[in-house]
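Take a look at the model below. Then follow the report from its loops to its sheet, helices and pocket.

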Amino acid sequence: MYYGEIKNCDIANGPGVRVSLFVSGCTRGCKDCFNRETWSFIYGQPFTQDTIDRILSWLAPEYITGLTVLGGEPFEPQNQPEVLRLLRQVRKTYPEKSIWCFTGYTLDEHILAKKLGAWEVTEELLTHLDVLVDGPFVAERKNLRLRFRGSENQRLIDMKKTLATGEIVLWEDWQSEGGAKE
């Protein structure tokens, strides 16, 4: 796997200050994609254990809320094994930090339908996620008032609750309700 960029202080792709990894490789080719250069599976730099070690060190400060993985497409079958390797190490090292992932695929139609490579890899990958932002960006449904997504068709899915109940449960954004963070 290759990656296009790592942001060590990202506030746009999940709550709080995050480390964000933009993986390379995407076969979806969505119209109006904001990150077309990452469609190539060899764009950027090779993803290695040194890359993971750097991400782990950037996650260390207490003010870093968690990790976000986006792309490109993290759920491309070619990318899943390396994304999973990263998530295992992040969970082991920082169990209290949240992990978010963005995908142009939908959880119910593509991912849970086992259409994206080796199911045992996909299934374990899902267990490490706190929130999955699913669905392609659709320019006709663009809404700049949405938090952490660009178009109204995209969902912020609470993966822990979804996996526990077997039903898709949307992530509750405490800031949109005006409440205090628990």
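F148 lies in the loop between strand 6 (131–134) and strand 7. Its phi is positive, about 65°, although F148 is not a glycine. Helices (H or I, at least four residues) and strands (E, at least two) are DSSP runs, numbered from the N terminus. This is a predicted model: local features need pLDDT of at least 70, side-chain atom pairs count only at pLDDT 80 or more, and totals for chains, interfaces and linings use all residues. Residues are numbered from 1 along each chain as its sequence is written, and side-chain values use heavy atoms, with hydrogens and water left out.

K114 sits in the loop between helix 3 (107–111) and helix 4 (119–127). Phi of K114 is near 60°, again a positive value in a residue other than glycine. G72 belongs to the loop between strand 4 and helix 2. The peptide bond from G71 to G72 is cis, with omega near 25°.

Now the sheet. Strands of a sheet pair through backbone hydrogen bonds, either parallel or antiparallel. Here two strands count as paired if DSSP finds at least two bridges between them. Seven strands form an open sheet with mixed pairing, in the order 3-1-2-4-5-6-7. Strand 3 (45–46) and strand 7 (155–158) are the edge strands, each pairing on one side only. Strand 1 and strand 3 pair in the antiparallel sense over two bridges. Y2 stands opposite P46 in strand 3.

Helices cover this sheet. Helix 1 packs on the sheet and touches strand 1, strand 2 (17–23), strand 3 and strand 4. Contact means heavy atoms within 4.5 Å. The direction of helix 1 makes about 10° with that of strand 1. Helix 2 lies across strand 2, strand 4 and strand 5 (98–102), running at about 175° to strand 4. Axes are lines fitted to C-alpha atoms, for helices over the stretch in contact, and angles run from 0 to 180 degrees between N-to-C directions.

How do helices pack on each other? Two packed helices are described by the angle between their axes and the distance between the axes. The table gives two pairs.

| Pair | Axis distance | Angle |
|---|---|---|
| Helix 1 (residues 49–59) and helix 2 (residues 80–93) | within 10 Å | roughly 35° |
| Helix 2 and helix 4 | 10 Å | about 35° |

The crossing of helix 1 and helix 2 is right-handed. Q49, I52, I55, L56 and L59 of helix 1 meet R85, L86, Q89, V90 and T93 of helix 2. These contact residues divide into six nonpolar, three polar and one charged. Ala, Val, Leu, Ile, Met, Phe, Trp, Tyr, Cys and Pro count as nonpolar, Asp, Glu, Lys and Arg as charged, and the others, Gly among them, as polar.

The crossing of helix 2 and helix 4 is left-handed. A crossing is left-handed if the near helix is turned anticlockwise from the far one by less than a right angle, and right-handed if clockwise. Helix 2 gives Q80, P81, V83, L84, L87 and R88 to the contact, and helix 4 gives V121, T122, E124 and L125.

On a 1 Å grid over the protein atoms alone, a pocket is an open set of points where a 1.4 Å probe fits, with protein on both sides within 12 Å along at least five of seven lines; lining residues have an atom within 4 Å of a point. Of the 33 lining residues, F34, F102, F137, G150 and Q154 are the closest to the pocket's centre.
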